Amino acid sequence: MKVSTRVEYGLIALTDIVINSENGSSVSAPEIAQRQKISHKYLEQILLLLRQAGFITATKGLRGGYTLTCPPDRITLSDVLNALDMNILAEMDPKEEEGGLRPVINDCFWERINNSINQYAKSVTMDEFAAQCRERSSGNWDLYVI
């Protein structure tokens, strides 16, 4: 499955905010861009979409940045994916085909794949997703102890 960079980077950015704002601090766009190796200019466009969807809020100033508007356990992956691309989790449009295997394969394979993705996206919260990401990348985190 191919997803747009808008969806990929949006999910990355929101996950970064969830992970790095656990203590209530805001996360700046340059920090996200640097950590995730995303163009700052493109990231700002994606953060605007996430703000318009109501997931994050922006604070200006010296300690400004982005914070979540609600707890991450109230945001599902489905919410995020639909905000970034309304078609990614859309139901397949049944086409009236004349014979052949196309309608059967669409029902037996693609519709089942789509249903599985939808079920997963609706059942996983950003809190759970961020925890999974943190766990899998725990070896990649820099840890400084003073």
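Asp-85 sits in the loop between α4 (77-84) and α5. In this predicted model, Asp-85 is buried yet has no salt bridge. Arg-6 carries the nearest side chain of opposite charge, and that side chain is 4.5 Å away. Arg-6 still turns up among the contacts of Asp-85: with neighbours within four places in sequence left aside, Asp-85 is in contact with Arg-6 and Val-7.

So where does a salt bridge turn up? A search of the whole structure comes back with one. It joins the side chains of Asp-16 and Arg-35, at 2.7 Å from N to O. As for cover, Asp-16 counts as buried because its relative accessibility is 3%, while Arg-35, at 35%, is partly exposed.

Stepping back to the overall layout, the protein has six helices and two strands. Read from the N terminus on, the elements run α-α-α-β-β-α-α-α. Of the 146 residues in the protein, 34% are buried. The accessible surface comes to about 10,100 Å², and carbon and sulfur atoms account for 52% of it. Taking contacts between residues at least 6 apart in sequence, 64% join residues at least 24 apart.

Now for the inside. In soluble globular proteins, nonpolar side chains tend to be buried together. Here the largest nonpolar core has 32 residues, and the members that touch the most others are Leu-47, Leu-50, Ile-56 and Met-126. Two or more residues of this core come from each of α1 (5-20), α2 (29-36), α3 (40-52), β2 (65-68), α4 and α6 (126-136). The largest share belongs to α1, which gives seven residues.

Not counting residues up to four places away in sequence, Leu-47 touches Ala-13, Ile-17, Ala-29, Ile-56 and Tyr-66. Leu-50 lies in helix α3, and it counts as buried because its relative accessible area is 0%. Setting aside neighbours within four places in sequence, the contacts of Leu-50 are Gly-10, Ala-13, Leu-14, Phe-55, Ile-56 and Leu-84. Leu-50 and Leu-11 are 39 residues apart in sequence, yet their C-alpha atoms are 9.5 Å apart in space.

The outside has nonpolar residues too. Leu-101, Val-104, Ile-105, Phe-109, Trp-110 and Ile-113 form a nonpolar patch on the surface, and together they have about 570 Å² of accessible area. One of them, Val-104, is found in helix α5 (residues 102-123). With a relative accessibility of 42%, Val-104 counts as partly exposed.

Lys-37 belongs to the loop between α2 and α3, and it counts as exposed because its relative accessibility is 73%.

Key
Residues numbered from 1 in each chain as written. Predicted model: local features only at pLDDT ≥ 70, side-chain atom pairs only at ≥ 80, totals over all residues. Heavy atoms only, no water. Patch = residues over 30% accessible without salt bridge, like charges linked within 9 Å, V, L, I, M, F, W, Y side chains within 5 Å. Areas by Shrake-Rupley, 256 points an atom, 1.4 Å probe, with all protein chains shown as cover. Salt bridge = Lys/Arg side-chain N within 4 Å of Asp/Glu carboxyl O. Helix = DSSP H or I, 4+ residues; strand = E, 2+ residues; numbered from the N terminus. Buried < 20%, exposed > 50% of the residue type's maximum accessible area, 1.4 Å probe, protein only. Lys, Arg positive; Asp, Glu negative; His and termini not counted. Contact = heavy atoms within 4.5 Å. Core = buried A, V, L, I, M, F, W, Y, C linked by side-chain atoms within 4.5 Å.
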